[in-house]
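Q: I am new to reading protein models. Could you walk me through this one, a feature at a time?

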Amino acid sequence: MTTTTETSPEAPGRPTPGSAPPAISVAHVSKAFRLPHQRYHTLKERALHPLRSSSYDLLQAVDDVTVEITRGEFFGIVGRNGSGKSTLLKCLAGIYRIDEGELTIYGRLSPFIELGVGFNMDLTARDNVLINAIMLGLSRKQARERFDAIIAFAELEGFLDLKLKNYSSGMLVRLAFSVAIQVDAEILLIDEVLAVGDASFQQKCFDEFERLKASGRTIVFVTHDMSAVERFCDRAMLIEHGKMLEIGEPGHVARRYREINFGRLVHEPAEPGRPDGGVTASAAQIVGAWFESADGARIRAAAHGEPVVACLEVEFREALENPVFGFTLRNDVGATVFATSTAFSELRTGRFSAGETAVIRMTFENWLTASHYSLTPSVARAEAGGEVLDVQKDLAELTVHGWHFTGAVTNLPHAFEVSAQ
Amino acid sequence: MTTQAVGRQYGPAAIEDDARRFLSLTLTLATTDFKLRYFGSALGYLWSLMRPLMLFGVLYVVFTQVFSLGKGVPHYPVYLLTGIILWTFFVETTSNNVQSLVVREGLLRKMRFPRLVIPLSVALVALFNLGMNMIAVVVFALANGVYPHWSWLEMPVLIVLLGFLAVGVGMLLSALYVRYRDIQPIWDVVSQALFYASPVIYTAFQYKTLKHVAMFNPIGAILTQMHYSWVGGGTIVRDGHAYPYVVHDAATTAGGAVFLLVPLAIILGLFCLGLWFFTREAPRIAENL
């Protein structure tokens with residue numbers, strides 16, 4: 001099978017392959033594992049069955065993958081468990097030797113693919129930071145010089161002499177991440193880094209990645225967390241059974257992933273944010289939802305404090321009078337942070353006839369804290385407690401950036417006044 | 001910007017071109033292991049010195065008072081203790097190496113580094129222990145009436161030779177174990193047999209007419225030469241009389257220096273075999289684990 005690359009619709013402002021020097025060039029790379037039918041772990045078995053040993057299954061973990069990753073790009077590799085994404089990353093990292101194809105790495109590559117490699121739970125954080133830094137490629141002297149910076153970033157000054165086994169998993173990740181970003185590598189390979197840690201830590205990681213990216217580093221990131229891909233990546237590729245299925249804009253790749261993962265019919269959605277079907281024909285159907293900035297541009301991310309417009313497109317199958325449109329925003333842990341509907345404002349939405357479509361825009365001041373939010377729109381009949389005609393859970397997604405991590409849900413505009421009496 | 005690696009051969013290897021990283025990784029893994037051994041005990045590092053001294057006390061009583069294996073051997077306690085600590089170094093390097101790659105699976109699967117670092121760091125830990133033990137033996141030797149002599153300078157050379165042998169076997173065993181899990185019990189038995197077959201608790205002269213053959217065993221030759229470099233020749237004062245004695249070196253025991261080419265060839269051969277096999281297996285160790 002020949003795989004074509006760079007067929008993706010490129011979002012504006014993203015690095016296009018070919019326009020920048022490459023960081024990693026992968027050409028027709030394949031990697032297979034031999035899975036013997038009978039595992040020969042002992043010499044006796046081997047001696048008794050010398051002929052049978054030739055029979056094995058070939059598991060094609062990576063199958064003819066071709067991709068070029070540009071310098072300064074944040075590139076995501078996504079796929080289900082066992083799809084070959086981690087194997088591909090290990091091939092890039094030089095942990096596995098590839099069977100076929102050409103692999104070219106331009107620049108210094110980080111030697112590890114997971115945070116906290118070589119951490120020893122019986123040693124203190126102090127020892128582990130130095131050991132880990134040396135393992136990741138720093139010299140003894142560099143490790144000592146950067147020690148304070150590492151601990152400061154992890155915010156673990158008070159826990160230096162605590163053994164790692166007494167650390168919480170969040171503290172461990174913070175420590176591991178702080179060491180990892182000290183590594184002098186031009187290309188970072190990371191397997192599932194953001195799967196752990198709370199939203200504010202993820203945001204901190206993301207900010208740090210942005211800083212690394214700004215200094216020309218390339219980041220290749222493997223995950224099955226689609227929201228992370230959509231939030232962080234410039235481009236992504238989808239792997240299934242070792243083959244590259246999709247490459248391009250992260251939102252597009254994430255939708256393909258969801259289609260495959262949830263066993264839905266594989267069809268190309270006409271619009272971003274289009275529902276995936278499965279709704280019984282009713283009087284009104286939601287055909288799309290998205291976010292816009294105040295000037296009408298479609299956005300997936302917004303800065304804290306800027307006005308944001310949540311948009312909903314509905315197609316009517318029957319004539320309806322004053323239907324009620326609802327908007328629910330939930331954050332990354334699934335808590336509803338904001339819910340409203342046209343009924344609350346006693347808004348007369350008007351009369352719609354069958355076959356008509358309407359776009360409903362709801363503008364709100366974005367006082368949400370930095371996190372990842374999803375929009376669940378709904379349409380209902382006008383009467384009180386009216387029949388819900390269509391609900392599409394988490395149809396559109398929005399990432400809010402901000403610089404303050406309060407752990408709260410909102411960050412309302414406020415002012416302080418201190419007066420001595 | 002430099003191109004780091006191109007093409008199909010890109011992948012893990014036994015030795016990579018960054019010597020500084022190779023050394024610092026080996027050293028870091030070894031010191032961490034050494035640190036962990038006595039971590040949490042009240043006496044800490046003092047144990048690494050106390051343990052051999054106490055062990056020697058036991059061995060001394062057992063082998064000189066209970067079994068009189070050392071009858072007629074000048075400075076037998078020194079011979080015995082040297083033999084024990086060198087054997088310990090050999091068996092620690094080889095036995096700990098059997099599972100070394102499997103134990104470090106997490107590192108091998110998550111990080112790219114020269115694979116040879118692992119067997120070498122195991123050997124280095126054994127070498128640290130040997131250094132500690134050696135201090136204890138020197139204390140024992142001086143107490144036993146052995147005085148410092150120029151021939152002591154031979155000892156580091158002999159230890160290096162033993163190191164080559166141990167690392168060679170270690171590389172072979174660690175790489176073999178990834179494929180065949182029965183290397184573990186096999187090596188347990190083989191190393192026990194080798195212990196009793198080698199002149200560790202007795203001297204090469206107890207082989208009597210076969211003592212030339214005993215020198216073909218590299219461990220036998222090294223221990224015999226070790227004994228010579230400790231005490232050489234001299235006199236022992238007993239009951240007010242001075243008794244002269246002679247300790248033969250390995251060449252004399254073997255019946256000519258030329259025969260020592262056999263143990264040397266075995267050391268070199270096993271080292272090269274181990275290195276060749278390990279290098280051949282290195283690119284696929286991570287996936288075969």
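A: Gladly! Helices (H or I, at least four residues) and strands (E, at least two) are DSSP runs, numbered from the N terminus. This is a predicted model, in which local features need pLDDT of at least 70, side-chain atom pairs count only at pLDDT 80 or more, and totals for chains, interfaces and linings use all residues. Residues are numbered from 1 along each chain as its sequence is written, while chains are lettered from A and ligands numbered from 1 in the order in which they are written.

Q: Which residue follows α10(B)?
A: α10(B) is followed by Gly232(B), which has a positive phi near 55 degrees. The helix itself covers residues 218-231 of chain B and has 14 residues. From first C-alpha to last it reaches 20 Å, close to the 20 Å expected at 1.5 Å a residue; the expected span is 1.5 Å times one less than the number of residues.

Q: Is α10(B) largely enclosed or exposed?
A: A residue is buried if 20 or more other C-beta atoms lie within 10 Å of its own, exposed if 12 or fewer, and partly exposed in between, with C-beta atoms placed from the backbone. In α10(B), 14 of the 14 residues are buried, so the helix is largely enclosed by the rest of the structure. For chain A, 39% of the 421 residues count as buried.

Q: Where can I find a positive phi in a residue other than glycine?
A: Most residues other than glycine have a negative phi. One case here is His241(A), with phi near 50 degrees, in the loop between β7 (235-240) and β8 (243-248) of chain A. Because His241(A) has 14 C-beta neighbours inside 10 Å, it counts as partly exposed. Another case is His28(A), whose phi is positive at about 50 degrees. His28(A) sits in strand β1 (residues 22-36) of chain A and, with 16 C-beta neighbours inside 10 Å, is also partly exposed.

Q: What is the order of the open sheet of 4 strands in chain A?
A: Strands of a sheet pair through backbone hydrogen bonds, either parallel or antiparallel. Two strands count as paired if DSSP finds at least two bridges between them. Here the order is β10-β9-β12-β17 of chain A, with antiparallel pairing. β10 (298-299) and β17 (357-365) of chain A each have a single partner strand, so one side of each is left without a neighbour in the sheet. Strand β12 (residues 307-316) of chain A is joined to β17(A) by 9 bridges, and Glu315(A) stands opposite Thr357(A) in β17(A).

Q: At what angle do α7 and α8 of chain B pack?
A: Axes are lines fitted to C-alpha atoms, for helices over the stretch in contact, and angles run from 0 to 180 degrees between N-to-C directions. Helices α7 (residues 154-179) and α8 (residues 183-197) of chain B pack at about 145 degrees, with axes 9 Å apart. Residues are in contact if their C-beta atoms, placed from the backbone, lie within 7 Å. Leu173(B), Leu176(B) and Tyr177(B) in α7(B) meet Ile183(B), Gln184(B) and Trp187(B) in α8(B).

Q: How many residues does each chain give to the contact of chain A with chain B?
A: Chain A gives 32 residues and chain B gives 32 residues. On the side of chain A, the largest share, 5 residues, comes from β4(A).

Conventions
Two residues are in contact if their C-beta atoms, placed from the backbone, lie within 7 Å.
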